[in-house]
Amino acid sequence: MASLNSQTSKKVRSPGGSSQGGSSKNNGQTVKFARRTSSGRYISLSRDDIDMSGELSGDYMNYTVHIPPTPDNQPMDNNSVAAKAEEQYVSNSLFTGGFNSVTRAHLMDKVIDSEVSHPQMAGAKGASCSMPACDGKIMKDERGNDVTPCECRFKICRDCYMDAQKDTGNCPGCKEPYRVGDYEDDAEYSNGTLKLPAPNKRDGNNMSMMKKGGEFDHNRWLFETSGTYGYGNAFTPQDGMYDDGDGDGLHGELLENNDKPWKPLSRKIPIPAAIISPYRLLIAVRLVVLGFFLHWRLMHPNDDAIWLWLMSIVCEIWFAFSWILDQIPKLCPVNRSTDLEVLKEKFDMPSPSNPTGRSDLPGVDLFVSTADPEKEPPLVTANTILSILSVDYPVEKVSCYISDDGGALLTFEAMAEAASFADLWVPFCRKHNIEPRNPDSYFSLKVDPTKNKSRPDFVKDRRRIKREYDEFKVRINGLPDSIRRRSEAFNAREEMKMLKHLRETGADPLEKPKVLKATWMADGTHWPGTWANASRDHSKGDHAGILQVMLKPPSHDPLMGNSEDKLLDFTDIDIRLPMFVYVSREKRPGYDHNKKAGAMNALVRTSAILSNGPFILNLDCDHYIYNCKAIREGMCFMMDRGGEDICYIQFPQRFEGIDPSDRYANHNTVFFDGNMRALDGVQGPVYVGTGCMFRRFALYGFDPPNPERMTQTKESETQPLTTSDFDPDLDVNLLPKRFGNSTLLSESIPIAEFQGRPIADHPAVKFGRPPGALRVPRDPLDAATVAEAVSVISCWYEDKTEWGDRVGWIYGSVTEDVVTGYRMHNRGWRSIYCITKRDAFRGSAPINLTDRLHQVLRWATGSVEIFFSRNNAFLASRRLKLLQRLAYLNVGIYPFTSCFLIVYCFLPALSLISGQFIVKTLNITFLVYLLIITICLISLAILEVRWSGIGLEEWWRNEQFWLISGTSSHLAACVQGLLKVIAGIEISFTLTSKSAGEDVEDIYADLYLVKWTSLMIPPIVIAMINIVALVIAFSRAVYSTSPSWSKFMGGAFFSFWVLAHLYPFAKGLMGRRRKTPTIVFVWSGLIAITLSLLWIAINTQNGGGAATGGGDGGGNVFEFP
C-alpha cells in the first residue's frame, strides 16, 4: 500500500543522544525527555518549551535528544545493547502530549510506592550507575540481570553509555573501546528457521518502503514469491541458501511438511432435522393462521364497542409484524465447533522449518476501557487485566491496552500494581493450569482447589499466592488514601517553598501563597491527567494525552524461571509477560470526544503503531477472560479456510452474581443463545459490545477481499499491492482524509491485512499467507514510535478524517457497537458466533430493578437513534442478506412496540370496566384461531428451547421482562428519541430516591434495593388499573341479576396475563421483607381513589342501580364517554 507523500511524522533519536544536522523548522513529531532520579534530582530535560509550573528548581542539565534520520545515521542493530537500552528507556518513561504541545517523555524511576521487581515493568529495581554524579539505574536484560557492555563489568546506565559512545567510544571503567558486535543477544533468531523479511520490520526505524512512483513495495515486506497471490505463495528459498558447507542445503523446496492430511480448524454443526423441520413448519403454520385471524378480526368488528375493537386490531396487526421481524431470521440456526489440537499442530508445533516450535499465530491486541474509578472499581479492572496477561496464547503475540478516559492517577497506579502482581500470578497460572485466571474469581470458587492438580507443591504455592493477593487487594483499596496523603504532603511542601520565596523577596508576609492543589505521582512529580482538585489542563474534560508502557514487549524466545528469582519455584515455567500499555487520550474543551467509541478508536490508532496486531479483542473493565483458551477458539475461525472474509467473532456474554431465579432476565439467554445463534446461520451475529474479536483490517472500513478480482487484474505475480486492491475508490492522496496524517498508521494497514490472512495450505485458500511468515521477532520500541502513538490520541487528530464515520467504531449512537457491526455487514463481511464449552468471558450485570431498567433504556434509545439515522436497514446495500436485513430492522423497530404494548395492557381493564370485549361474541371461530395460535406459540417455544439449549424458565423470565421493559424503558426511549430527533432535546431519566436493605453481607443485597425512578410509573399504573378493574367487574357480575360471565372471563383472562408478566416487577417494588418506598403506596392509593370516584360518578349518571342494590334485571352497562 502506498504511504503518505507528506513530511515525516516523527524524528528518530540518535544513538549518541546528540543533535546532528537537525532543523528547528521541521514540523515533524518532536520528543523531549525529562528525568527525575530516585534522589529527587533532575539530571536532564529538553531545552525548549518546558513549562516548569513552579514546582521545580533551576538546577538542570539540558540537552536535545532528537535528530532527523539520514543515510549515515541509522539506529544500531535490534539485538544490540543500544537497542535494548533504548527500549528499556522508553518503557520507563511516561509520555505526554497533545494539541499544540510538545510530546515529552518523563523518565520515572518510581511508578508506584511498592517495590517493582519484574524486569519488563517500568520502575523495576536495579543497581545504580557507577559514573560520578549519576544515580541512574543500569541497564537490565530480559531476566532482570545487570547488563554491563564492557568486559570489565563497569556498571553504567543507559544515558552515560550513550554519552560514552558519542564522546570517545571508550568504556569509562577500563578506558578500552566498546565492541558493539560482541554483545549480540545469544537468543538470536537463527535456529534454522526461514529468515523471511519481517512484515513489521521497520527500515531505519521507519516502516517506509516506498517506490519512486508512490506505491508500497509489497515484495520487500511480504515475501519473494514463485507462485500466485493465492495458494502456493509460500516463500521459496534459493538454491544453497541454507547450505552448511556439506552439500545438504535446500534447493528451492519448501521446508514445511505438506505430507500431513489437511484438517479444518472449525466445523459447522447443523441443527437436527427432527427439531428444525417442525420448527420451520410451525413458523409457517402460525404465519398463515395469523393472516386468517387478522382477516377475520377485520371482517367482524364489535359494533357495541368500536373503540375497543379498533385499538385491539391495530395493536394485533403491529404485534404480528413485530413477530415476523423477530421470528423469520431464526429459520437457519447453526452450531459450531473448533479443534484446538489442529490449531496447535498447524501453528505451534516444531517442524523442519521451525525446530524450536515458535508460534506462527497472528498477534492479538486486547482493549479494556474504563472511565471513572468511582463507578468502576480499580480492583475489578485490575483483575480483568490479570486475566488477560495470563491468557493461554503466545506471550510475544499478546498486547494489552487499558483506556482510562477519566485520566485518573488512581487507575494508573492500580494498573501498575496489577502489572507488578502479574510477576507472580501469571507464572503461577501457567505452572498449575489455573482456571479461571481472574484471581478474585479463582479464590472465590466453592470447589476443591486441588482437583486435577498433579504437582506436589500446588497447595504451598496456592497458599503463598493467596497471601500475596490479599496484600495486593489491600494496596489497591488503599490507593485513594495513599494518593491523597502523598498529594497533601507535596502540596504542603510547595506552599512552604513559596512562602519562603515570598519572604526572601520582601513580599507582604500576610499574603497567602497561591499554590495549585496538584495530584502527585509516586516519583514526586505532577500527574499530567485529572487532579482531585480540578484545574486548567487537569480536569476530566481537559488534560493531556498520556501513554505509559507498563510492561515492555517480551523477548521472542521463552524465558524460563528458576527456584531463586521469585517467591515461588518457577523452574521450567515461562515467566515472560505480555506487553501492557496504559493510555489516556487527550481531552480539551470544545471537542466532541464521542465517549466510549472515541476511546476505542484512540486505542485502535495507538495499538497500530506500537504492536499492530491484526486482530483486536475488546472487553469491558468488568468482563474478564474465564476461559484462557478463548482467543485460540476464536482464531480457529479466523485462520480456517474461508476465514479471510470474517470481520469479527462475537462471544456470548455470561454474567456472575445474578440471583438464582434471574428475576429480571439478566442472563438474557434467549437473545445470546437463541437469536444470536440463529443469525450465525445467515450473515453472522450482530456486534453487542464486550467479548468481540475484530479483524483490524475490517475496522479500517475496507471491503472484504476479492481474490477473483485481484488475480484477474494482476498481470504479474510479483506486482506490488496498491490501495486500489483494498478499496477501488481510495487513492494515495486520500489516505490522510480517511486515516489522519500519521505515516506510521497508514503504513501499518497492509501489514495488518497480510498478517491476518489464513495460511495458504489448501487449494481453497485463495487469499492466504505463507507458513512461517509470522515467526520473526518484532522490533523493540523506540522513543519516536511511542511519540507517534501519543500524537494519534490527540483531541484534534480525527478532525476532517473518516474516523467514526467509516473507520473504526461508528459515532452518533449510544449503541455504537450495533452500528459498527451493521456497517461491516453492509460492506459484505460476515461474522461468527463462538460458543465455547467453557464460557469464554464472564462479567457483572445489574441485578437491581432500577439499574436494569436504565440499562435497557440506554439500549432502546440507541435503537431509536438507529431507526432515524442513515444506519436504518431500509437503506442497506445489496450485500446485506435478506434475513440479516430483517434482523437489523428489528433492532431499530422493537422499541416502538411499546406504544402498542402499553395500550394492549390497558385493554383488559377497559373491557372489564365497560362490560364489553374486543369481539362482539366469543364464538367458535375466534376461540379456534386463538387456540391454534396459542398452541403454535407453545410448540415454538419448546422447540426453540431444544435447539438453543436454554431452559423453559429462562424463556418465561425473558417474556416477563419483555413486557416490563416494554411498558417502561422502551416507551421512555421512544419519547426520548423522538424529542432528540425532532426538537434536539436531551432527556435523562435519573434516580430520585433510594431504599437499601439491611443485610449488607448478602451478595444479592442489590436485588432488594428499591430506587425510585419515573420509569416505574407506567407499569404501576397498568397493574393497579387491572387489579381495580378485576374487582369492579367481579363485583358487578356477582350482584347483577343476569351477569355476563363470558365477557368477564374473557377480560379476566387477558388481565391475569398482564399481571402474571408484571409479577417480577411487583416483587422488585416490595424490596426485602416488604420494605416498600412510601411513594409506591401514595401512587397506589391515588390511583385506587381516582378509579373509585370515577366508577361512582359513572353509576350515578346511569341511575345508581348498583348503589341501591336493585335494578331492572339487566344490570348496569358502562358506556365509554
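There are 0 disulfides in this structure, a disulfide being a pair of cysteine sulfur atoms within 2.5 Å. The model is a predicted one, in which local features need pLDDT of at least 70 and side-chain atom pairs count only at pLDDT 80 or more, while totals for chains, interfaces and linings use all residues. Residues are numbered from 1 along each chain as its sequence is written, and side-chain values use heavy atoms, with hydrogens and water left out. Take Cys 628: it belongs to no disulfide, and the nearest cysteine sulfur, on Cys 429, sits 8.6 Å away. Cys 628 is also buried, at a relative accessible area of 2%. Cys 332, on the other hand, is partly exposed, because its relative accessibility is 27%. For these labels, buried means under 20% relative accessible area, exposed means over 50%, and partly exposed is in between (1.4 Å probe, protein chains only).

Now for the chain as a whole. It has 32 helices and 23 strands; these are DSSP runs numbered from the N terminus, helices being H or I with at least four residues and strands E with at least two. Of the 1121 residues in the protein chain, 58% are buried. Among contacts between residues at least 6 apart in sequence, 77% join residues at least 24 apart, where a contact means heavy atoms within 4.5 Å.

On to the nonpolar cores, each a set of buried Ala, Val, Leu, Ile, Met, Phe, Trp, Tyr and Cys residues joined through side-chain atoms within 4.5 Å. The largest one has 151 residues, and those with the most contacts inside it are Leu 547, Leu 610, Phe 694, Tyr 700 and Phe 739. Helix H4 (residues 273–299) gives this core its largest share, 10 residues. The core lies between domain 2 (273–331 + 868–997 + 1004–1096) and domain 3 (337–448 + 458–706 + 724–845), because both give residues to it; the domain bounds come from an automatic or database domain assignment. A second, separate core of 86 residues includes Ile 465, Leu 559, Phe 615 and Ile 832.

Helix H25 (residues 924–948) passes a simple length check. At 1.5 Å a residue, its 25 residues should span 36 Å, and its end C-alpha atoms are 36 Å apart, which agrees; the expected span is 1.5 Å times one less than the number of residues. Buried residues in H25 include Phe 926, Tyr 929, Ile 933, Leu 940 and Trp 947. Their cover includes H4, helix H5 (306–327), helix H14 (669–679) and helix H26 (952–966).

Leu 901 is in helix H24 (residues 897–914) and counts as buried at 2% relative accessibility. Leaving out residues up to four places away in sequence, Leu 901 touches Phe 319, Trp 962, Leu 963, Gly 966 and Thr 967. The C-alpha atoms of Leu 901 and Gly 966 are 6.9 Å apart, although 65 residues separate them along the chain. Leu 340, in helix H6 (residues 340–347), is partly exposed, with a relative accessible area of 23%. Beyond its neighbours within four places in sequence, Leu 340 contacts Lys 629, Arg 632, Glu 633 and Cys 636. Leu 340 and Leu 265 are 75 residues apart in sequence, with 7.3 Å from C-alpha to C-alpha.

As for the strands, E14 (residues 579–584) has 6 of its 6 residues buried. Met 579, Val 581 and Val 583 point one way from E14, and Phe 580, Tyr 582 and Ser 584 point the other way. In a regular strand, side chains alternate between the two faces of the sheet. Strand E10 (residues 398–404) pairs with E14 in the parallel sense over 5 bridges, with Ser 399 bridged to Met 579. Strand E13 (residues 545–551) pairs with E14 in the antiparallel sense, also over 5 bridges, and Leu 551 stands opposite Phe 580. Pairing here requires at least two DSSP bridges between two strands.

Elsewhere, an open sheet of 3 strands runs in the order E16-E21-E18 with mixed pairing. Strand E16 (624–625) and strand E18 (654–656) are the edge strands, each pairing on one side only. E18 and strand E21 (residues 841–844) are parallel over 3 bridges, and Phe 655 is opposite Gly 843 in E21.
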